Amino acid sequence: MTSGTRTSQVGAPVPPGVTELFERGRQANSAGRPALGERLLRQALSELDHAGVRDRPEVVGLRVDEHFPSVGGGPADALEARVRVLLSLSTAVVDGGGPAPAVRLAHQALARAGRTAERVRPALVALCHAQLATLHGRAGRLRTALAELDLAAAGRDRLGPREKFGLLLSSGALRMEVPDAGGAAAEFAAAAQLAAEHGLPAQEFMALHNLGSAAALEGDLPKALSLMLEADRLPTDVSRAVAWHGRALVLLEAGLVTEAVELLERATAEALEDGQRLEAGHCLNDQALGELVLGEPEAAVATAGRAAQTLAGGGAPGLRRRASLVELTARLRTGSAPGRVASRCVRLAEEFDRDGDNVAADLARLLAAEALTAQGRHTEAVGLLDASAELTRVGSLSTRMRTRAVLAAADRSRGDVAAARRHVRAALRDLSAALSASASLELRSVTLTHATGLSRLDLELAGENPAARLRAVERWREVAWRVPEVRPPADPELARRVTNLRHLRQQAREDPQQAGRLRERLRSLERQVAAASWAAAGGSGTERAPVPLARVREALAARAATGVGLVEHRSHLAAVVVLRRRTRWVDLGPAAPVREAVQRLAADLEARARVGTGPMVSAVDAALRASARAVDDLLLRPLGVDGRLVVAPVPALAGLAWGVLPSRAGLPTTVAPSLGTWVRGTRSVSAPRAQVIAGPGLPGAREECAAVGAVWGTLPPTALARAEDLARSLSRGDLTHVAAHGSHRSDSPLFSSLWLEDGPAFLADLERVERTASHVVVSACEAGRAHARGGDASLGLASGLLALGVPSVVASPCRVPDSTAAALMPRYHRLLADGHEVDEALALAASSCDLPLAGAFVAWGSPWSVRPDGPEDGRRPPVAHP
């Protein structure tokens, strides 16, 4: 007789190997490897059959494997073993074969559970109902799933830790679909605590990840990402497909769409490799949503088709219908007949409702309402929303914003402009609250993708009044550029990863042969650092009213300046010009030619920086003059502006080197996120504490820093600076001057950098730095470049410093010869020390330099000047360089 077994009356032993097969199969399920789990669990059933342990009542409870995990606290009998194996097998089958065969297996288990011993029957029956709830939920049959969950609750207290965990997880997942984010979060938190107490790391991973999803549903995206990262750090071997999928959904909601699509592609590949067809189809469906947001509707149609094909025959009609909904969304964006889209969406909503999938039904009605709005059928559109949940209060930020847009358009069509404006203002408050929840530069900038349609509608509601149009533009830009009120907390793990990333970048730069080998490791570290940045908690959500137009006019008049707010609307570029008490609107024509001209100018600036001297200089100079004149003619000459200028550009023009335009040569020009932020950030500093930083690879960097330091009475640097020196300079002084090589990353602006002695100092480094510096001069190539990240926001080193709260920055959006920077910067600082504001000092210094690209440096942000009430010579005593 085998140790650990007892003999039945019919002498049919239960092989001890069943226990091992069951445990291995269950572990494979937890690790997200259903194909392996199915194979092991079917083998366990075969072992039971081979030993003659069937479902006949006469063998129940007579031969048991004392090592088999029982739900009743004692040794498990043969029938309980079969029930448990069938339930685990249904989990393995659902991803590969779909919910239908899995539900059949769970019903077989339920039928047998009713014949088990009284000691284990309630718990086993509860397990069966919980599993059926999960399976019906995954198939999109929410009403049936909730009913099964109610039946499972009766035996909840009789379950062991693993089984109770499964019930909590299922309950939370279904509450997410209702949606009941608070209830789901409570279930997931209880599940995470249970798993942690009983040493179940794989289960704790799942619970924490799902808790993050619940936080995302409640709108707290930083908390969601933080919880998901916490789950990722747990030492457990699980398939990452589901986790990556969940995190990608949060990134989609945050507006980090490129990153989300990349993560979904990885999740799909992982799911297919592990045999998780259902999960792969789900990932493809959400990838199609991401492609829609990226403005690639044709790709979204194709990806949604792949999702439907992957889900075909899987017994998940709800998921297939969701794929159809995404495909219809894409087709509407490609210009397909909106009437046909609307009617198909209405039919889909009815089918979702029959399955109890109310969330999907509401989304289908919202899409139908948008299609009807495109046809001008506003009354029907509002009627569909009336049949839905209150979508302006529940659901994701994007859903709330889309709903507000439909309602505002309907009010406007009825002539009720006041009601339309109320919807727009409510959406603006909603967006503002979402932005205030994060201190992450990138997360805040891209969240604005949700606002594009509403900000356009707000502009249209302003009518023909130029001042009202300016106020509409300023409202959204003020929200876009709100400075976080709270710095993210110190994160030693993040600091370690950033340091590793810096060293690897340095290694790749010094040894190009290793660059290829290090590429994937570098990309992985960048993903980890970016994810930690996105998870940063933010401010208190305090709203600041936009700066009144009267105050903007007053500040402009005090400086004899003209304000220009550029706007892109309906593929046209326009400008609101503010001069003294007059505000006017100027249509500059189609935006595409302006963008093309700006791109040509950027290319010619790059060529001029590279040629230096030689026979090509005259030809390159001629091309540069022609492209600068073309931009000037398209952009500024129609405005008829002269003298001092403050311009708030659209993101596509944020990286323009304004000083090289013929009409701006030698004239003060400031580039600001908005006219309101230009006024709000004004600083006047008495006897500023200056810090100077020199990086490697610039022959004249130390001499430049010494000359700049001499202006302010600051000792010259004794060594090349490291990243920690830059951080200290920003936190210990009023003015920081950095002479270093710069690098802009358009694919990932958070990793734009300044090259220092220990490698690149990333924009991501600066988010957690205590900042006292109110003026930063970056004498580095490309530091002024920026990449549009959503709505009216753009991101790069200069714009990133502004977004972090530095009021005034000087940087160049293009390469500048080292000799030009070294000659220009000491003159600039001398003029600044003499009391000139930043834009004046920069224009005067550039006009006094007969050197290539002296006008390429741009004054960003707000007025900054030195007050003449410090020591007699306007300088502080020398201070030590950090």
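This is a predicted model: local features need pLDDT of at least 70, side-chain atom pairs count only at pLDDT 80 or more; totals for chains, interfaces and linings use all residues.
Which strands and helix do the buried residues of helix 30 pack against? Keep that in mind; the tour ends there.

Residues are numbered from 1 along each chain as its sequence is written, and side-chain values use heavy atoms, with hydrogens and water left out.

**Whole protein**

Show everything as cartoon. The protein has 35 helices and 19 strands; these are DSSP runs numbered from the N terminus, H or I of at least four residues for helices and E of at least two for strands. Of its 882 residues, 58% count as buried (under 20% relative accessible area with a 1.4 Å probe, protein chains only; exposed is over 50%, partly exposed in between). Switch to the surface. Take contacts with a separation of 6 or more: 71% of them join residues 24 or more positions apart (contact means heavy atoms within 4.5 Å).

**Stop 1: A427**

Select A427, in helix 20 (residues 417–436). A427 is buried, with a relative accessible area of 1%. Leave aside neighbours within four places in sequence, and A427 is in contact with M401, R404 and L454. Now draw a distance from A427 to L454. Their C-alpha atoms are separated by 7.8 Å, and the two residues are 27 apart along the chain.

**Stop 2: arginines over rings**

Select R266 and W244. R266 lies over the face of W244, 4.4 Å from the ring centre. Next, R469 and W585. Here R469 lies over the ring face of W585, at 4.2 Å from the centre. The rule asks for NZ of Lys or CZ of Arg within 6 Å of the ring centre and within 35 degrees of the ring normal.

**Stop 3: helix 30**

Select residues 701–712, which form helix 30. Its 12 residues should span 16 Å at 1.5 Å a residue, and the end C-alpha atoms are 17 Å apart, which agrees (expected span: 1.5 Å times one less than the number of residues). Colour A701, E704, C705, V708, G709, V711 and W712: these are the buried residues of helix 30. They cover an arc of only 150° around the axis, so they sit on the same side of helix 30 (the arc is that of directions from the helix axis to the C-beta atoms). An α-helix has 3.6 residues a turn, so residues three or four places apart point the same way.

Now the opening question. The buried residues of helix 30 pack against strand 9 (690–694), strand 10 (735–739), strand 14 (775–779), helix 34 (818–833) and strand 19 (864–867). Finish on G713, which follows helix 30 and has a positive phi, near 75°.
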